[in-house]
Amino acid sequence: MEDIEHRTIEVNGINMHVAEKGQGPIVLFLHGFPELWYSWRHQILSLSSQGYHAVAPDLRGYGDTDAPPSVTSYTCFHIVGDLVALIDSLGVDQVFLVAHDWGAVIGWYLCLFRPDKIKAYVCLSVPYLPRNPKVKTVDGMRALHGDDYYICRFQEPGKMEAEFAKVGVASVLKNILTTRKTGPPILSKGEFGTGFNPDVTETLPSWLIEDELAYFVSKFEKTGFTGGLNYYRNLNLNWELTAAWTGAKINVPVKFITGELDMVYTTSRTKDYIHGGGFKEYVPNLEEVIVQKGVAHFNNQEAAEEISNHIYDFIRKF
């Protein structure tokens, strides 16, 4: 890890921390919630050793990147704007894109708004979900899963932060990162409770050692979780702002990878959408769908070597 270089780049009016290593075509990695550039530590080392320049920012609101105070400073346009400025600052016209969880959602928006910037996209966990012109995003989730669905519970500023604070940063991160619970995450009313993971054990899984968890904890103890939660708080605003893209398709070449135990993959209708033709209809250049046996949501960390190999096998074709 000490060979990974770090710098701060001014993008779109904020200072963005970037971790990078290697020379060659750029692979841009986007992390999810509650994560950091560090989620891609294994892939940075792997891809940089195979002739690529791996670049992994802390996204707006995370880690050592600025976190604007306004909730509405976290729309899809702000975050894609940051990334376009980052790509431009790297002096290239196009990059390979790899993204997971919220990073994957932003990745789809990046491909939708600026396909000219992306050579190919390796997407982990979250498929492209087309805009439903009749129902706002959070309203649709509430109708499907109820008020205690985690995304609904994340909406009110300050409330989930207070619930996280009661159990502590380390417990929250351990709970989320190690979960293998399938289906839509439902949180207890008024408290974090067992959170995302009713089966937290004292010992960490083999793929997440104490020092690695401690790195995540050290950063979130400084920043809190508000920046990351604000992405969820803009889902309905994003719905309003993207009306012009209703029915639009993603035309970038895509490889999609998920774990068979992933909480997104095992949430209602997702499997049917991915395997039944809906996904391919909206992403016509979807070249491959990989479902990893026995792997849960954080597949870039749990199955790091396999993910690195999948990325390399796909992007080397271009």
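Which residues in α7 meet which residues in α8? The views below start with that contact in this predicted model and then move on to other spots.

**View 1. Helix α7 is mostly covered.** This helix runs over residues 169-177, and seven of its nine residues are buried. Here is the buried set: Val-169, Val-172, Leu-173, Lys-174, Asn-175, Ile-176 and Leu-177. What sits over them? The cover includes α6 (159-167), α8 (210-223) and α13 (299-302).

**View 2. Here α7 meets α8.** Two packed helices are described by the angle between their axes and the distance between the axes. For α7 and α8, the axes come within 9 Å and cross at roughly 130°. The two helices are therefore oblique to each other. As for handedness, α7 passes α8 in a right-handed crossing.

And now for the opening question: on the α7 side, the residues are Val-169, Ala-170, Leu-173, Lys-174 and Leu-177. They meet Leu-213, Phe-216, Val-217, Phe-220 and Glu-221 on the α8 side. Sorted by class, this contact has eight nonpolar residues, two charged ones and no polar ones.

**View 3. Asp-64 and Lys-219 join up in a salt bridge.** The model's salt bridge count comes to 15, and this close-up picks out the one between the side chains of Asp-64 and Lys-219, at 3.0 Å from N to O. Are the two partners buried or exposed? Lys-219 is buried, because its relative accessible area is 13%, which is under 20%. Asp-64, at 38% relative accessibility, counts as partly exposed.

**View 4. Lys-117 pairs with Asp-88.** This is another salt bridge, and its closest N and O atoms are 2.7 Å apart. Again the pair links distant parts of the chain, 29 residues apart. Look for Lys-117 in the loop between α3 (102-113) and β6 (118-124), and for Asp-88 in helix α2. Lys-117 is buried, with a relative accessible area of 8%. Asp-88 counts as partly exposed, at 42%.

**View 5. Asp-313 forms a salt bridge with Arg-316.** How far apart are the closest N and O atoms here? They are 3.7 Å apart. Asp-313 has 35% relative accessibility, so it counts as partly exposed. Arg-316 also counts as partly exposed, at 49%.

**View 6. Pro-127 is a buried loop residue.** You'll find Pro-127 in the loop between β6 and α4 (137-145). Its relative accessible area is 3%, so Pro-127 is buried. Which residues does Pro-127 touch, leaving aside those up to four places away in sequence? The list is Trp-108, Phe-256, Val-264, Thr-270, Tyr-273, Ile-274 and Phe-279. Take Val-264 from that list: Pro-127 and Val-264 are 137 residues apart in sequence, yet 9.0 Å apart in space from C-alpha to C-alpha.

Conventions: Residues are numbered from 1 along each chain as its sequence is written. This is a predicted model: local features need pLDDT of at least 70, side-chain atom pairs count only at pLDDT 80 or more; totals for chains, interfaces and linings use all residues. Side-chain values use heavy atoms; hydrogens and water are left out. Buried means under 20% relative accessible area, exposed over 50%, partly exposed in between (1.4 Å probe, protein chains only). Helices (H or I, at least four residues) and strands (E, at least two) are DSSP runs, numbered from the N terminus. Contact means heavy atoms within 4.5 Å. Axes are lines fitted to C-alpha atoms, for helices over the stretch in contact, and angles run from 0 to 180 degrees between N-to-C directions. Angles under 35 degrees count as roughly parallel, over 145 as roughly antiparallel, 65 to 115 as roughly perpendicular and the rest as oblique. A crossing is left-handed if the near helix is turned anticlockwise from the far one by less than a right angle, and right-handed if clockwise. Ala, Val, Leu, Ile, Met, Phe, Trp, Tyr, Cys and Pro count as nonpolar, Asp, Glu, Lys and Arg as charged, and the others, Gly among them, as polar. A salt bridge is a side-chain nitrogen of Lys or Arg within 4 Å of a carboxyl oxygen of Asp or Glu.
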